[in-house]
Amino acid sequence: MSVSELAEKIETSGIDIIRELMKIGIMANLNQQVDYNTAAKVAEALGWETNEALAEGRQPEDNFESRRLENDADPDSRQRPPVITIMGHVDHGKTKLLDSIRSENVAEGEAGGITQHIGAYQVDTHGRKLTFLDTPGHEAFTAMRARGAQATDIAVLVVAADDGVMPTTREAIAHIRSASVPLVVAVNKIDLPSANPDRVKQQLSETGVMPEEWGGDVPFVEVSAKERMGLDDLLEVLLLVADVNELRANPDKPATGVVIEARVDSSRGPIATLLVQSGTLNLRDVVVAGSTYGRIKAMFDDRGKRVRRAGPSTPVEILGLMEVPQAGDSFLVYEDEKVARQLAEQRMATRRVESLNENRPVKLTELYDQVKEGKTAELRVILKADVQGSLGAIQNALLKLNETIDEGVTLSVQLAATGMISESDINLASTTRSIVIGFNVRPDVAAKRAADTAGIDVRFYTIIYDLLDEVKAAMTGLLAPIFEDVTDGYAEVRDTFKLPSNDVVAGMYVLDGKIVRSSRARVLRSGTVVFEGGIKSLKRFKDDVREVAAGYECGLGLDGFNDLQVGDQIEFLHREEVART
């Protein structure tokens, strides 16, 4: 609804609504649309309790996230194929591995004729299906996650046995960890004479990726995409990991899922690749994808073959949407096209509000806001340095700060790598709400532009002690503050007077310190506190004053307390924040 409509609903002025919106970082006018979550925050700040109303014809389970989370608890859910993303350094054989897995599972007559590429495909192995997402790299993987799309069940990290762990490999690990998905390592190119799989395991173990045979929890599979060695072993491990994670979905519900990619075709119009995550998608279904909608006119599988239905974990390409959705958008199926259009328009309005408010980058100087909102205070850092020696020393020193600062805040290093600050680092910082710290390194042109656009906090240091001191100061500032009562002064009641308004005021003599108009007053009678509250009026003779010093007389009225008696002592105090150390 609009700001003016919200003001009418909660019986207040539009100015009050705008003032509360400004407090949470939204600049709006009376005609600005606000979503339910934003309206709820404003209403609660103004003393109202809210409940979200369902649009006519809308069903409670139409919330994409709630549908997805209900799959595990649904008694009608059944096992579904795992969705797998392959990531890694560009020269380590990721594309070749994808092609080898795909061609191994395609009939001979079709192997050379696959021209339909929709960014995702399914393969059959051991009588079961696996779905692979062919993303351009971890930047796209993270960009989708930034839009709330948890499309991946398992991540495969490809590392060349002859080359070992590269900076891009470390970045991919950071992106996988931030997504909290199971990891399988494929050690590729083992057919080469220079291959050294043990060195790869050693390097990955140093980054925290510990092989199963070394007591860790990450399966390592040796493969050769070129020679087609170890592919069956890799597929078996992926099925095993899927079984351990018990991936399930109910195919008998309206479909929900995520948009993998989308484009405009000059002859066919908007085309979207959808990954069905729950339910079954049928031809002629009405779909809402992000902030657009449409009825499915045609549907194709990963081989370009027309299909009429698609179950859980199945990727399909559809025609019929009014506009092109964004990668990472969720999609839902509706029976009523009118309701679908209303929801698409509502999402468009919500997205406009969120663009002003949501995913605002974290600043080192602003992280304490998380504590005030009752959230866990976590300082996430992406660390880039010029040499490995400096990188290790700084990372260890930063993590030791968690031991010296005892409560309320933690520091976590999302990525530590050598080399200049890249656009990929900025993308990761945007998704994980991290700050970027560069030690003797600077960003390249693309990274600088991306950081400026996204508002990412990037800090540069050349002295390690300056870096540690500033981060420690930020962490100290993140701790919940300690407030202490500080006494401004004492006064004694010498006489009392009753005003025509029935308020009682006291004639006071200031014994010590001073009375400040903004102070709180604590009434002491025989050493016992009988009242604590604000000052309503403070006068010298007939004039209102801001403060009265020791040795002077004054008149005082208290807010909500008329039982002042001669002989009462009043302590005047204010609360002061004490710096944490």
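A search of the whole structure turns up 24 salt bridges, a salt bridge being a side-chain nitrogen of Lys or Arg within 4 Å of a carboxyl oxygen of Asp or Glu. Side chains of opposite charge can pair when their charged atoms come close. The structure is a predicted model, so local features need pLDDT of at least 70 and side-chain atom pairs count only at pLDDT 80 or more, while totals for chains, interfaces and linings use all residues. Residues are numbered from 1 along each chain as its sequence is written, and side-chain values use heavy atoms, with hydrogens and water left out.

Take E571 and R522 to begin with: they form a salt bridge whose closest N and O atoms are 3.4 Å apart. This pair links distant parts of the chain, with E571 in strand 28 (residues 569-578) and R522 in strand 23 (residues 520-525), 49 residues apart. Helices (H or I, at least four residues) and strands (E, at least two) are DSSP runs, numbered from the N terminus. E571 is buried, at 9% relative accessible area, and R522 counts as buried too, at 16%. Here buried means under 20% relative accessible area, exposed means over 50%, and partly exposed is in between (1.4 Å probe, protein chains only). Both residues also belong to a network of salt bridges that links D485, R520, R522, E532, E571 and R575.

K536 and D503 make another salt bridge, at 3.1 Å from N to O. It again joins distant parts of the chain: K536 sits in strand 24 (residues 528-540), and D503 in the loop between strand 21 (482-498) and strand 22 (504-516), 33 residues apart. K536 is partly exposed at 44% relative accessibility, and D503 is partly exposed at 23%.

Then there is E337, which pairs with R295 in a salt bridge, the closest N and O atoms being 3.4 Å apart. E337 belongs to helix 11 (residues 337-357) and R295 to strand 13 (residues 292-300), so the pair ties together distant parts of the chain, 42 residues apart. E337 is partly exposed, with a relative accessible area of 32%, and R295 is partly exposed at 28%.

Two strands pair if DSSP finds at least two bridges between them. Strand 9 (residues 256-265) and strand 10 (residues 269-278) pair in the antiparallel sense over 9 bridges, and A262 stands opposite A272 in strand 10.
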